[in-house]
Structures are given as C-alpha cells and as structure tokens.
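Morning, everyone. Let me put the structure up, and then we'll walk through some of its helices.

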Amino acid sequence: MGWEGGAFLAGAAFLVQWTLLLAAAVLALFLLAHVPGSRRSWIYLTGSVACSVVCSYTSANGLLLWPVILLAAWILRLSRVQLITLAISCIGFIGLYFVGYHFSGSANSGALLTHPFYALSFAAAYLGMPFTIIESRLGVSLGLFEMAAYLAFVLLAFKHRLWSATSAIVLLGFYLFCLVTAAATAAGRMNPQDPAFVAATAHRYIIVPLAAHATLILTAAWLRGNARYYFWFSWTAIFALGFTLGGKTMEIHVIDESGKVDLNSASQDLLAKLLLALGVKDPRAHNLAAAIVDYRDPDDLLTPGGAEAGDYDSA
C-alpha cells in the first residue's frame with residue numbers, strides 16, 4: 001500500500017513518545033477513578049496529577065488530557081478542595097509548559113470554524129486509520145461510525161448510572177482524549193484543498209487510532225458485562241489489524257542453491273550458455289566466458305577470446 005506505518009513502528013524512537021503518552025493518560029484516569037471514598041484519596045490524586053504531568057511533557061498533545069481529567073473529576077464529584085487542587089495543577093503545569101515556548105504559527109484553528117465539515121471529516125479520517133490508507137472514504141466512514149458509537153456508549157453509561165464507574169472513567173475518558181487529539185491534529189494539519197486527507201495518514205499517528213479502536217471494543221464489552229472474554233479478543237484484533245493493514249508487505253522467495261552457477265568452478269561452455277541465456281550476443285558471450293576462465297586460473301596461458309594479466313595491464 002505504500003504506507004510505512006503499523007504496529008511494527010510502535011517501538012520506533014519517535015513513536016515511543018505516543019506509547020508513553022497514552023499509557024500515562026490511562027494511568028492518570030485510573031488513579032483518579034479511585035480517589036472518591038478512598039482512605040488514600042490524596043495519594044491517588046497526587047499520582048493522577050503526576051501521570052498527567054508526564055503525559056503533558058511527553059508531547060504537546062498531552063496537554064489536552066487536563067480538560068478530560070477535570071471533567072472526570074467533576075463526574076466523580078470530588079471534594080471542592082480536590083477540584084481546586086486539580087484546577088491549580090492544570091493551570092500551573094500548562095503555564096510552565098509554555099514558558100519560553102516558540103510558537104511556529106502552523107496551527108490553523110480558524111479553519112475549524114470556516115470549514116467545520118472538513119474538520120469533522122479530517123478527524124474521522126484520523127480516527128479511521130489505517131483504513132484511511134486503503135480508501136479515504138472508508139476511513140472517514142469508520143471514524144464517523146466510531147464517534148457515533150462513542151456517543152451511544154456515553155448515553156448508555158448515563159442511562160444505567162455507570163458514568164462514575166472506574167471502567168467508564170478510564171474507557172470513555174480515554175476515548176475522549178483520543179477525540180480531542182484528533183481535533184487538535186485537524187487544527188494544526190488539515191488542508192481543506194486536500195480531499196484525500198493525506199495529512200491525517202502519517203505513520204506517526206497510528207498509535208492513537210489503534211488505541212481508540214481497542215478502547216471502543218473494550219467499552220462495548222464492558223457494557224455487555226463480559227469484559228474478560230472480549231478483552232483478549234479486542235487486543236488480538238487490534239494488533240492483527242495493525243500488522244495486516246498497517247505495515248509493509250513482506251515477500252519471501254525460496255531458491256534452490258543447486259540451481260545456481262558457480263563462477264569459480266563452472267566450465268567455459270556453461271558460462272557461455274549462461275551469458276547467452278541472459279541476453280548477451282555471440283561472440284561476446286564466448287569471449288566473456290573465456291575471460292572469466294583466464295581471470296580465475298593461476299597461469300598466464302591465454303584462452304582464445306579471453307584475457308590474461310598482460311592484457312589488463314595494457315588496457
């Protein structure tokens with residue numbers, strides 16, 4: 001397919017930051033979900049803040065985790081002191097991030113307002129990776145479907161009063177983080193003149209969509225109440241997807257070594273026939289065969305049509 005992304009590149013130097021970022025985001029949400037009603041609430045809260053800081057300083061996209069953390073804290077109904085602590089941490093660490101920061105000016109957030117439908121399609125194409133590589137419309141359709149599924153899962157969680165459960169905070173919160181990451185990518189990378197959404201298909205973006213796919217599958221499994229079985233199925237499916245559709249094609253050829261011609265031992269007649277089979281015209285083929293025989297033998301006897309050391313010296 002001509003695309004260099006996929007699960008094989010998850011360990012590449014640049015993509016390791018995405019793996020660390022997403023792992024820190026999941027852990028931050030997980031620790032935050034354990035704050036309410038715990039005797040060690042401040043330990044969990046401190047751990048959540050620490051993971052959010054790791055996420056923030058791993059990549060600029062990590063800054064987008066803070067609004068998700070604050071929303072989750074509000075849903076969990078943390079105490080006023082805890083909410084204020086999170087808010088101060090959010091403002092403080094985001095402010096520190098931009099100390100001495102040099103803005104590139106490449107962000108085009110205004111395009112989100114002037115081209116809202118293209119921005120939505122770009123975000124869908126981003127979340128639809130790696131299917132967007134196969135066909136842009138396929139990737140956009142998948143991305144839009146996943147967005148709709150996420151909204152449906154949120155409504156189901158609220159309907160069944162599961163919105164404050166640990167699984168809801170982690171899974172729904174993490175996918176929301178993936179959504180805002182897609183929106184931020186659209187603001188900085190989208191080009192409304194590009195109908196194929198090429199900027200959304202860079203191999204460095206593949207980790208987030210794959211994680212988002214897995215999150216939705218796990219959320220569906222959790223809502224169905226049979227998470228243990230679907231957990232392994234979902235991760236197996238996602239990694240199979242990454243290896244199958246996301247990487248380069250590998251071709252393996254098995255060649256019998258006995259069918260090859262050894263230039264160091266083949267006869268002059270065999271060498272000539274080989275050269276003729278390769279398209280070399282006669283008498284050049286016989287002359288080259290003779291030259292090969294003369295080149296490899298230890299004597300100075302000239303084979304008709306060949307060449308010895310003196311011929312090479314005088315050339």
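Which residues in H2 meet H3, and which residues in H3 do they meet? On the H2 side we have Ser48, Val49, Ser52, Val53, Cys55 and Ser56. On the H3 side we have Leu65, Trp66 and Ile69. Before going further: this is a predicted model.

Stay with that pair. The axes of H2 and H3 are 10 Å apart, and the packing angle is about 160 degrees. Roughly antiparallel means over 145 degrees, so H2 and H3 qualify. Their contact residues divide into six nonpolar, three polar and no charged.

Now H2 by itself. This helix covers residues 41–58, which is 18 residues. From first C-alpha to last, H2 reaches 26 Å, close to the 26 Å expected at 1.5 Å a residue. Its buried residues are Ser41, Leu45, Gly47, Ser48, Val49, Cys51, Ser52, Val53, Cys55, Ser56 and Thr58. Look at Ser48, Ser52 and Ser56 on the screen. They are among the H2 residues that meet H3, and they are on the buried list too. An α-helix has 3.6 residues a turn, so residues three or four places apart point the same way.

Next, another partner for H3. H3 is residues 65–75, and H9 is residues 166–189. Their axes are 9 Å apart, at an angle of about 150 degrees. That makes H3 and H9 roughly antiparallel as well. H3 passes H9 in a right-handed crossing. From H3, the contact uses Leu65, Val68, Leu71, Ala72 and Ile75. From H9, it uses Ile169, Gly173, Leu176 and Phe177.

Step back to the whole chain. How many helices and how many strands does the protein have? There are 14 helices and zero strands. Of the 315 residues, 41% are buried. Take the contacts with a separation of 6 or more: 67% of them join residues 24 or more positions apart.

Now a charged residue. Is glutamate 146 buried or exposed? Buried: its relative accessibility is 7%, and the cut-off is under 20%. Glutamate 146 lies in H8, residues 136–159. Leaving aside residues up to four places away in sequence, glutamate 146 touches Leu127, Tyr175, His213 and Leu216.

Most residues other than glycine have a negative phi, and most peptide bonds are trans.

Spot one is arginine 77. Its phi is positive, near 55 degrees. Arginine 77 is found in the loop between H3 and H4. At 74% relative accessibility, this arginine counts as exposed.

Spot two is arginine 161. Phi is near 55 degrees there, again positive in a residue other than glycine. Arginine 161 is in the loop between H8 and H9. It is exposed, at 66% relative accessible area.

The one from aspartate 282 to proline 283 is cis, with omega near 10 degrees. Proline 283 is in the loop between H12, residues 268–277, and H13, residues 284–296.

That's my tour. Over to you for questions.

Key
Residues are numbered from 1 along each chain as its sequence is written. This is a predicted model: local features need pLDDT of at least 70, side-chain atom pairs count only at pLDDT 80 or more; totals for chains, interfaces and linings use all residues. Side-chain values use heavy atoms; hydrogens and water are left out. Axes are lines fitted to C-alpha atoms, for helices over the stretch in contact, and angles run from 0 to 180 degrees between N-to-C directions. Helices (H or I, at least four residues) and strands (E, at least two) are DSSP runs, numbered from the N terminus. Angles under 35 degrees count as roughly parallel, over 145 as roughly antiparallel, 65 to 115 as roughly perpendicular and the rest as oblique. A crossing is left-handed if the near helix is turned anticlockwise from the far one by less than a right angle, and right-handed if clockwise. Contact means heavy atoms within 4.5 Å. Buried means under 20% relative accessible area, exposed over 50%, partly exposed in between (1.4 Å probe, protein chains only). The expected span of a helix is 1.5 Å times one less than its number of residues. Ala, Val, Leu, Ile, Met, Phe, Trp, Tyr, Cys and Pro count as nonpolar, Asp, Glu, Lys and Arg as charged, and the others, Gly among them, as polar.
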